[in-house]
Amino acid sequence: MKLFKTLVLAAGTLSLAGGAFAEEETFKVGMVTYLTGDWGYPGTSTKRSLEIAAETYGTVLGKKIELVIVDAQNPNNQIPEAQRLMAQGIKHFIQGYNLVPVPLARYVVDNGGLMADGTSWFPDLTEEGGYDNYFMFMPSWKVFSQTLVDYSLKFGEENLGKKPEELKIALIGNPIMSYVGDEAARILTEKGYPPAIHETYGNDIADFTPIITKMKEAGIDIVIPYQLGSDAELYRRQAAGLGHTPPILLAAGVGYDQPEFANMGDAALGSMSLSYTVPEMREEFAPGLKQFKETYQQKYGEQPVTHGLQTFATAMAFFQMVDKAGSLDIDKVSKTMAETEIERGKLPNYWGVKFDANHNNLYANPLIIGQWVPGENGKPIYKVVYPEELAVEKPLIPYFKK
Amino acid sequence: MTFDVFATLLLSGIFTGALYGLFASGLTFQLGSLSIANFGYGSWLILAMYTTYFALQVWGVPLVAVIVVLPLAYFAAGYLIRNILLRQETLAVQILTTLGIAMIVDGVIIMAYSPAPRTLGIVEPLFYITPGIHVGQLRFLAFVVAAVALIAFQVFLRRSYLGKMIRAVVEERETAQLMGINSDRVLGIAFGLSFVLIAIAAMLMIHLFPVTTSAGAVYQLMSFLIATIAGLGNMRGAFLAGIAIGVLNAFLLYFAASYATVVLFTVFVVVLVLFSNRTAGIKHI
């Protein structure tokens, strides 16, 4: 009897302890991004957005979502940081903002992890194929380049009344973004409309006067800048000072859709920017967007940037898919993700989710165009102007009447 | 190319280049005259740019106060760094110490100001010489300030008692010490003055260029390039080399922007090969 009581007590204690352990068990999700260093700003936005997604979604398979977000500071530390997280048993990753995201994703997947990539536009893994546990939620930069060309020719024809072969197009940008500019130039040339000017200047550029002078002399109709924040800002300011007002300026995102762009005042006006879907688009077609923006504003005193929104939407979709898989097992989650279809207009970034055989997201479109227009307080405000279903205003083309 | 375009590019190159010359002059003075290899130079430059931005834009400090306080603060920082951290004059210690300080400065920038790029967002008004030839007013002002600052610095070194002490210590340290000059104090002051040049350059630059946390490395490299072309320690040469690079860059950007950086650094390598004695620590002051 004594032995029986001891066994019962032991079993009870173990079951209680087991219950306690079970309650403590969490769903660990890793993110490697930059929280400090040169790319800390967009990286921090992805971190904050993932945190809001975890809070908003609550639990996955009844387990609290435990985020382990680490600061790689720069591309050199990405893989060691991922290695450290995987050594702790973390297998599920959301891609943060990373300058060189492909090696990181490859490392995670090659080592038995799963990467839901909602920020990168590099399609290396989906093009190579065979990466069953890598899911690219974003459109690739090649789609970006193609869309830049398509929209430019469309706006040129519709708003300037010029046939594509009559349009004078200038592509100017930074070496870091040159693959986008080079691809756009290649597409234009292939179509028979080679750019009038195509220049990739150095990172250390301090004076745009020569390039602007050259564009003014050439009578450029459309400028397509592929620039980062600082050179975009310097270019626009100098262009305003020099009275360089091309009828259409359609930038390849990045530098042109950041909040700081407004700080230059009137020099920002008229610029358009091709982007992923952005927080500034119409909220009624993107359920959860309004709440996300409000929460972000409340917590951090500012609005999220586009990478933040994409991270939030990707994380929300990913949590849904894990719940649907009914297991944290990587193969089961991967299989469920591959089979899942979320229609457009159901996620906070508007885009839907449907992966092809190589895990490209077929519903990661349309890309949007934003334009800087005068705000109520005189400061430029970024408004989505295209496509119509997501636009809050119509584009003003040409912005500057001659 | 019309004459108007040629003249505009030339002037634009001169005025932008003068700013290059100013921001490189502090490094050339440190390297050539004081024999201090400051690998944190670019970081100090962007710290001053960020600080000026925040002072003017966020904290609402009047420009005059910034112009007075920032150079004084930088002088103090330079003096303390030289006399506390860089007393040991071996090259390896200097490199490691200044790199370490640079990492701290970069960290301070990120913690205090966040890594977001900052800009005063000033659209530079133009000054028209003829209807077709123009220069940016801020660039012109920067040219004048840079020229005045560097001339004043040279005059100070040549004419003032303290300046003569600095030259004496730089040229014959032991003899100067035997004559009763406190060389550590004098070198501290000289290093502090080179930091004043950094502060002046930064205050001008933030009115023209955005600042990012990665800009320090670019400025460091550009300063080294100019200092080397000019000859280490040759501040007048740094100013002129800055202008030469500015003009060359302006025309390269016009004719072949894609090759501008490659050509500039090829020039740098050629200068290094042909005039390698310029990097041998010649003390032009």
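**Figure 1. The contact between chains A and B in the predicted model draws 33 residues from chain A and 31 residues from chain B.** The model shown in this and the following views is predicted. On the side of chain A that touches chain B, at least two residues each come from α2 (40-57), β8 (197-200), α8 and α9 (229-241). With eight residues, α9(A) gives the most to this side. Sorted by class, the side of chain A that touches chain B comprises nine nonpolar, 14 polar and 10 charged residues.

**Figure 2. Helix α8 of chain A meets helix α1 of chain B.** From α8(A), the contact is made by A:T209, A:P210, A:T213 and A:E217, and from α1(B) by B:V5, B:T8, B:L9 and B:S12. By class, the residues in the contact of α8(A) with α1(B) are three nonpolar, four polar and one charged.

**Figure 3. Chain A is built from 12 helices and 15 strands.** Its C-alpha trace spans about 100 × 45 × 40 Å along the principal axes. The radius of gyration of chain A is 24 Å, which agrees with the value near 21 Å that a compact globule of 402 residues would have. Of the 402 residues of chain A, 52% count as buried. Among contacts in chain A that link residues at least 6 apart in sequence, 64% join residues at least 24 apart.

Figure 4. B:R82 is 33 residues from B:P115 along the chain, and the C-alpha atoms of the two residues are separated by 28 Å.

Key
Residues numbered from 1 in each chain as written. Chains lettered and ligands numbered in written order. Predicted model: local features only at pLDDT ≥ 70, side-chain atom pairs only at ≥ 80, totals over all residues. Contact = placed C-beta atoms within 7 Å. Helix = DSSP H or I, 4+ residues; strand = E, 2+ residues; numbered from the N terminus. Nonpolar A, V, L, I, M, F, W, Y, C, P; charged D, E, K, R; others polar. Rg over C-alpha atoms; globule rule 2.2 N^0.38 Å. Buried ≥ 20, exposed ≤ 12 C-beta atoms within 10 Å, placed from the backbone.
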